[in-house]
Every structure is written in C-alpha cells, then in structure tokens.
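Here is a quick tour of one model, written for someone who likes to know the cut-offs behind each label. Have the viewer open as you read.

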Amino acid sequence: EGFRTGVMLALGIASGAVFWALAAMFGLHLIFDAAPSLLWALKIGGAAYLLWMGWHLWRDAKTPFIAEDARPVPRSPFAAYRLGLWTNLSNPKAVVIYSSIFLGTISPGTPVWILATLILMILVMETAWNSLVARIFSLDRTRAAYISLKTVIDRSFGAMLALLGVKIVAT
C-alpha cells in the first residue's frame, strides 16, 4: 500500500512494543515475582506458539502469496496505525520477549532516566526497522524477489521460530 502507509503501520507496531515494554518494566515483574509459575506458563505457552508458527510457516511455505484485501488502497494513516498497534498488542511473542528481556536484565533500582531511555530506544528502533522494511517492500523489485524466494524465506524463518521456541523453554 506504499511507503506512507507502511510508516504509519510501523508507528503502530512501535507503540504496541512500547506498551509491552512498559508492562514488562512496571507490572509483569510483580506478577511473576508473586507467582513464578505464571512466568513458566507464559514461557511454555509462548514457546508452544512459536513452535506452532514455525511449523505452519514451514508447512505452508509453498503456498503462493496472495494479497486479498477488500479495503480501499491506500488505508488512511490512522487505519494503518491502528492495524499496526492491534497487531502488536495481540502478538504473544511480544509479551514473552519483553518479559524475558526486562525480567532478566533490569534490576529494581534502575534509575528512571535509564528506563525512559530504553522506552525511547524501543520506540525509535521499532519505528526505524519497520519503516525500513516498509520502504524496501514498497519497491516492485523487492516484492518480486520476495515472492520468488518465498518458500526458502518462509522455511528459514519457520525453522528459526521453532528454534527460538525451544530456546525459550530450555532457558
């Protein structure tokens, strides 16, 4: 749908990432400290989800890429932002990743300015990365190359997701 729509989508994804990072920093650790079995359950559930996604990416890698969407093209900026936000907020990987990273690396006495800097970095890096992806995939040659390599790319990412799932359970 073009680069502008992609940037708004990237901002929505980044906003969702900031939400999960804030939840991990300020709330989830209290729950997991009180009930460590919940963290274990979240890790197992997240790992199972990653394994499931990896299997489906591998299995469906040869299915042709078909973009079917009845919405008007391009979406409004707010609609793209909202799609990115809801996509990230409904993504269980984000909860597992931010919880795992922040629970293991941020101590309770971390200064507020460091926490604020981390949140700002998450916002900037998520937006920059996803905007770069939007820019690259807004080019016809890139989309054509992806479609021609879809099977290899999907199987590679499927295998990596499955390995990440195994690693989450093992650590």
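## The D154 and K150 salt bridge

D154 forms a salt bridge with K150, and their closest N and O atoms sit 2.8 Å apart. The term here means a side-chain nitrogen of Lys or Arg within 4 Å of a carboxyl oxygen of Asp or Glu. Both D154 and K150 belong to helix α7 (residues 150-170), where they are 4 residues apart, about one turn of the helix. Helices in this report are DSSP runs of H or I with at least four residues, strands are runs of E with at least two, and numbering goes from the N terminus.

The cut-offs are under 20% relative accessible area for buried, over 50% for exposed, and partly exposed in between, using a 1.4 Å probe and protein chains only.

## Where the numbers come from

This is a predicted model, so local features need pLDDT of at least 70 and side-chain atom pairs count only at pLDDT 80 or more, while totals for chains, interfaces and linings use all residues. Residues are numbered from 1 along each chain as its sequence is written, and side-chain values use heavy atoms, with hydrogens and water left out.

## The chain as a whole

The chain has 7 helices and 0 strands, so from the N terminus on you read α-α-α-α-α-α-α. Of its 171 residues, 29% count as buried.

Within α3, the buried residues include A79, A80, G84, L85 and N88.

## Contacts across the sequence

Back to D154 for a moment. K62 and D154 are 92 residues apart in sequence, yet their C-alpha atoms are 8.6 Å apart in space. K62 lies in the loop between α2 (36-59) and α3, and K62 is exposed, with a relative accessible area of 63%.

Helix α7 also holds A159, which is partly exposed at a relative accessible area of 31%. A159 and W55 are 104 residues apart in sequence and 7.8 Å apart in space, C-alpha to C-alpha.

## The other salt bridges

How many salt bridges does a search of the whole structure find? The count is 3. One of them joins the side chains of R143 and D140, at 2.3 Å from N to O. R143 and D140 are separated by about one helical turn, because they are 3 residues apart in helix α6 (residues 140-148). R143 is partly exposed at 35% relative accessibility, whereas D140 is exposed at 57%.

D60 also forms a salt bridge, with R59, and here the closest N and O atoms are 3.0 Å apart. D60 is partly exposed at 30% relative accessibility, and R59 is partly exposed at 43%.

## Rings and charges

A pair of aromatic rings is described by the distance of the centres and the angle of the planes. Rings of Phe, Tyr and Trp (its six-membered ring) pair if their centres lie within 6.5 Å; planes under 30 degrees apart are stacked, over 60 edge-to-face, and the rest tilted. The count comes to 2 aromatic pairs. F19 and W20 have ring centres 5.1 Å apart and planes at 75 degrees, so this pair is edge-to-face. F19 is partly exposed at 45% relative accessibility, while W20 is buried at 15%. F137 and Y146 form an edge-to-face pair too, at 5.8 Å centre to centre and 75 degrees between the planes. F137 is partly exposed at 36% relative accessibility.

Some rings carry a charge over the face, which requires NZ of Lys or CZ of Arg within 6 Å of the ring centre and within 35 degrees of the ring normal. R135 lies over the face of F3, 5.8 Å from the ring centre, and R155 lies over the face of W58, at 5.1 Å.
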